[in-house]
There are 4 protein chains.
Amino acid sequence: MTTINVALIGQGFMGRSHSNAWGQVAKFFKPPLTPVMHAVFGQAEENPQAFADNWGWQNASTDWQQLVRSPEIGLVDIVTPNYMHAPVAKAAIAAGKPVSCEKPIAGSLADAREMVEAAKAAKVKTFVWFNYRRCPAVSLAHQLVKEGKLGTVRHVRAVYLQDWADENVPLLWRFEKEWAGSGAHGDLNAHIIDMTRFVTGQEITEVTGAIAETFIKERTRPDGGGKGKVTVDDAVLFLARFSGGAVASFEAARQATGNQNRNYFEINGAKGALKFDFERMNELQYYDATLPRAVQGWSTIMCTHGGDHPYVANWWPDAHIIGYEHGFTNEAYDILRVLAGQQPTVPLPDFEDAYQTQRVLEAALVSADQRRPVSLEEVK
Amino acid sequence: MTTINVALIGQGFMGRSHSNAWGQVAKFFKPPLTPVMHAVFGQAEENPQAFADNWGWQNASTDWQQLVRSPEIGLVDIVTPNYMHAPVAKAAIAAGKPVSCEKPIAGSLADAREMVEAAKAAKVKTFVWFNYRRCPAVSLAHQLVKEGKLGTVRHVRAVYLQDWADENVPLLWRFEKEWAGSGAHGDLNAHIIDMTRFVTGQEITEVTGAIAETFIKERTRPDGGGKGKVTVDDAVLFLARFSGGAVASFEAARQATGNQNRNYFEINGAKGALKFDFERMNELQYYDATLPRAVQGWSTIMCTHGGDHPYVANWWPDAHIIGYEHGFTNEAYDILRVLAGQQPTVPLPDFEDAYQTQRVLEAALVSADQRRPVSLEEVK
Amino acid sequence: MTTINVALIGQGFMGRSHSNAWGQVAKFFKPPLTPVMHAVFGQAEENPQAFADNWGWQNASTDWQQLVRSPEIGLVDIVTPNYMHAPVAKAAIAAGKPVSCEKPIAGSLADAREMVEAAKAAKVKTFVWFNYRRCPAVSLAHQLVKEGKLGTVRHVRAVYLQDWADENVPLLWRFEKEWAGSGAHGDLNAHIIDMTRFVTGQEITEVTGAIAETFIKERTRPDGGGKGKVTVDDAVLFLARFSGGAVASFEAARQATGNQNRNYFEINGAKGALKFDFERMNELQYYDATLPRAVQGWSTIMCTHGGDHPYVANWWPDAHIIGYEHGFTNEAYDILRVLAGQQPTVPLPDFEDAYQTQRVLEAALVSADQRRPVSLEEVK
Amino acid sequence: MTTINVALIGQGFMGRSHSNAWGQVAKFFKPPLTPVMHAVFGQAEENPQAFADNWGWQNASTDWQQLVRSPEIGLVDIVTPNYMHAPVAKAAIAAGKPVSCEKPIAGSLADAREMVEAAKAAKVKTFVWFNYRRCPAVSLAHQLVKEGKLGTVRHVRAVYLQDWADENVPLLWRFEKEWAGSGAHGDLNAHIIDMTRFVTGQEITEVTGAIAETFIKERTRPDGGGKGKVTVDDAVLFLARFSGGAVASFEAARQATGNQNRNYFEINGAKGALKFDFERMNELQYYDATLPRAVQGWSTIMCTHGGDHPYVANWWPDAHIIGYEHGFTNEAYDILRVLAGQQPTVPLPDFEDAYQTQRVLEAALVSADQRRPVSLEEVK
């Protein structure tokens, strides 16, 4: 049994998701490399030892630089705030280590570009955790498009709507640009840009128009010290064009009442169409326009059949549904496959791939700010 | 243009539905016979003239016996309370007139049998208004089963659930056996028995067990004269077997909170399955188990495509949905076709056919009352 | 009984819808004025007499100018192609007649403005047939917003998606700008602009970005004479802002495979949210964010309860659903109420109101064409 | 930190589910006792060491009798075939150990009764893994009924439908009575009987009628040795009455094409109603008939809100849905609470409770076999 030591850099919500994935993957899958949960980094005040004890990391560290250079580490897994992605990733790359990084790839486009170049120069394998690609339904959507089931794609519409950010939520770090980079845009649009690029197999070539809005402009400081200014967006909408000729709309929002986590896309092609809603993540909606017209309809595929749907043979019997964290475990499995020189189940995003998503995020912000169409050619 | 004079015997809710159908059918369809709304019968206190004026009947009458014998009348259409179906139908048959009668065919099995025999002896064409057969989705279900799309049918489950009859509803005639014959059973189970017989193309051979329940045993008299006893069922459930080997369950209810008019069936065969819910009457759910497993799913067929779905070419463009009353107009069209010697779009129930449904209703009541399985052989 | 003579100017699909409405309204409602289907106009080659015979118009005419001036006519109802709306409406107004006109109000913004001014000067009552406002679910949405159930509205997203226009459809008049004015935009976006203005009670103040696309640029001529150029859009998407601060997206499409008639909106406010899909037109989705959190959810309201939902007391019992054409009949009822000096059930759009929708259509076209944001101030 | 050593007796599908639960519970919850995965038993030919290595059990054993008596063991967890539940449980009880046992409690009613009596005599804590009670949506349903939200319960309908058992499936042990006890009945009806008892808080008092059917009477032997007889049911349907006056229907099936794991109930009360479908296990449908009529509807509650829905505060943010195995982890948490003397989140079934479900299973079999109503009084 070949093993690989993983170092987790960061904790928080994504730290939990990744820890769970590294702990579960070898129980449910037979990866070609067995991950060893070697060490987790956290700031001293975060108490990384408690985190390590809870999740089964063998060691805790408060020195990430030492950790990423350690010869014991085979994979550096980054779940820090966005602004730290670049320094950690570059240090790991400098040490010749494969890196898997949470999305979005970086806090700024410049950082992202540097990460891509560093990885390319060092010929190091990189991965970005766009976990929703690993929902079996989304993987199946990718496969169906690749098989030509949709024909020419003409329409893409995607929204990622949440509603947790009402007036009563205080001025968390998430509402300050300094820490968060952006609001709903980087958090949510990043996912639907990646998913629709992944499923269509096409690139976005232009952002034709965009709106960025902050509905709640001031929030109470968590420490009770009066009100502070919100410096990130609450919602970003934009229109776009795909390389294959499709027109598209995207929207991310945090006050879209009634939508707790509606990560949704619909794609219409000349021969068929697909719909996905993460809140029913085990299901893919497929309209096959090549069937006899009398029986055409939106078909709800329960993507849980071991022999026929990606990943699920490793989980439970048919229609014993899986949940949010399984996407991460599925991704951990594919990372291990790629590290062992095997093909992933469906394509994994590397830094170069995630950089394309970052360019679209940037183009949308420029478009919203300058109130004009922005070609992706401009944003490099 | 060949015309046929229709006499409507009765008014009420079904009188409105039928009047609308006779008025609309030649506007939307090209029937081989054009119906003329010749006369409507009502009790003097019902004011049949006002009804005639409202709906466009040329004449009003308070003498149904005279009316059904009138040489001007080409079709006698019965929408009276159930106990009057038999006398009116038999008079019309005696006069050699085709008869179309609301469901259930009669207030008692004996009446129904006499009606069947009279019609047979007189060689008169008869029809029973099981309107739900004429929902395009239900007609399509019938066609798909006939084409063999389901393979061997193994399961039938049907419910017709309403919730209008809470404690505050007074002691209407519908709650008294003397006037209503039965409660939810004859009103609602009649429909789902007919629909499942129609769609499967099979007969019910046994009622294996049944429950009849009256939850609200007393209700306030409408005239304020204290409380009176409810003498009909609120709910009837039964298990049954079909001639082709399927097992089945049926349920009718009037206090099934949350269900205003859930007229629903699901049928599972070896090769596919179907679901229908009247509250979304334009849709048929179809599961095609012969498709590749990866894309199998419940498909929601919007049954509104003119070229491919029954009846709808005569209505509106695709997905401009139709409603409750359209089933009656569709049925009026088919009655006119049959009267002109043509084939109906899908089979129309005649008295003989409706009598089979009546036998099942009766068997279920016997089973509930005697607490034992009842073979349909017993009930003739 | 007071009556009013209606003249229908035009035939076609909308001619059928309106004829049905005028024929049905007094059967199901008790309008304060009873409409008499006095005369229908059609071009000689359209055979207006046959249309009149089919639908029950008392007279047929091939001279609309004479007809709209006829002293017998009390209401001029226009269902011609869009480019004729203005001349007919202006002639009717000149004759002092109330006018009800199909949507969009006119083939051009200039025409629309002239119609508004003419009506204002003549103090004539006008109506535009935005039929979807009269779906009980949409009327209820309007009422709930008006009662404050949504609080501050922050998000509007609306699409009207169809899929009938694939490569095999020939070069109908609908694909030529000369006859049709625009493609999906005027046909479909007009509806969702009107509906969201109606439901929110707000105006659109800016189109921030827009895309107009024609996917299929050439089509076979119906007469077989080779290929001809498509000169209208297949799809138009745009982003917008509402006067109350909401951000919005709109999309109309004719090749959105899988969507036959998906006329859809979602509106999110601070206190609740609403969703409507015409393909399930009897249902309104409502999320009440003021309920205890444990039981909050999207509630599917079957808008068919006579005592509590607009219009439906005049139709059928609860959950005996209504269909597409009922919106027109409901509108005919309200037109008759307004003509008799009564209040409509919910606000009816007049020319002035419909002109606001037309301005938004225009702004979106300018935005798509000039690739820049367009303030509604610019478009008058 | 107080720990408890768990011994898992058995492997298989349920062995995986339980192993996962014991491994995950302390990572996501803060149980008052921390489980130690001490040892797993398997037959030598099952290779329990490999199972132990995969799932993290510290020891493997092929001698369950020694294991359950071991003083190191604090909880005996049984996942063997049903016929072994009784001997293992009785041995554990004899050793004074708490026992948690997979459902159904036993292979026969007599066994179940002995287990209940042994546990009672020894005053040992017992638990049965009816995992679906621990879906947050089902737990919430229980709480809503308990709070009186449904008023008097009048209707229960429950089905558990699967479709894996077509003609091509060979004669697995599951099709032989000798090994499996029963077919769909014990496997699936056991769950829906338990769930509806749990949610309503009522007992079933009578099985009024029942059908047991085996559609596929012979299957190919897995070893290729010709055909063998199927000796268990494929489907069992029955009608029943609850102690509070509700009427009910139940159905379990394995060839209900289109339903991979439809574990479903609907419960209608005088004041409200509930629906649950395991294939969308994060959602509970609730109809509140006490709301103003205009806004009544089936509300889809996404049961993932930490502060308000059972268990989920320990998992992921709102609408980051959970899956099948989480029910087991939730149950493990509650078992640990009860073992530590605390209250479970919602009631846990012990042997006594599970015995009531077993009695209903038995009554249904007697009713199907003897074709008559069976009072629960008869079955003890």
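For the 380 residues of chain A, a compact globule would have a radius of gyration near 21 Å, and the chain has 21 Å, which agrees; the radius is taken over C-alpha atoms, and the globule rule is 2.2 Å times the number of residues to the power 0.38. The model is predicted, so that local features need pLDDT of at least 70 and side-chain atom pairs count only at pLDDT 80 or more, whereas totals for chains, interfaces and linings use all residues. Residues are numbered from 1 along each chain as its sequence is written, while chains are lettered from A and ligands numbered from 1 in the order of writing.

The C-alpha trace of chain A spans about 60 × 55 × 40 Å along its principal axes. Its secondary structure comprises 10 helices and 17 strands, taken as DSSP runs numbered from the N terminus (helices: H or I, at least four residues; strands: E, at least two). Of the 380 residues in chain A, 63% are buried; a residue is buried if 20 or more other C-beta atoms lie within 10 Å of its own, exposed if 12 or fewer, and partly exposed in between, with C-beta atoms placed from the backbone. Two residues are in contact if their C-beta atoms, likewise placed from the backbone, lie within 7 Å. Among contacts in chain A between residues at least 6 apart in sequence, 69% join residues at least 24 apart.

In chain B, helix α10 covers residues 351-370, and its 20 residues should span 28 Å at 1.5 Å a residue; the end C-alpha atoms are 28 Å apart, which agrees. The expected span is 1.5 Å times one less than the number of residues. Of the 20 residues of α10(B), 14 are buried, and the helix is mostly covered.

Copies were superposed by least squares on the C-alpha atoms of residues with pLDDT of at least 70 in both. Chain D is laid on chain A with an RMSD of 0.0 Å by a turn of 180° and a shift of 0.0 Å along the axis. The two copies are thus related as by a two-fold rotation axis. In chain D, the C-alpha nearest this axis is that of Gly323(D), at 2.2 Å.

At the interface, 21 residues of chain D are in contact with 21 residues of chain A. The side of chain D that touches chain A has nine nonpolar, seven polar and five charged residues; Ala, Val, Leu, Ile, Met, Phe, Trp, Tyr, Cys and Pro count as nonpolar, Asp, Glu, Lys and Arg as charged, and the others, Gly among them, as polar. Since 100% of the interface residues of chain D are also interface residues in chain A, the copies meet through the same surface.
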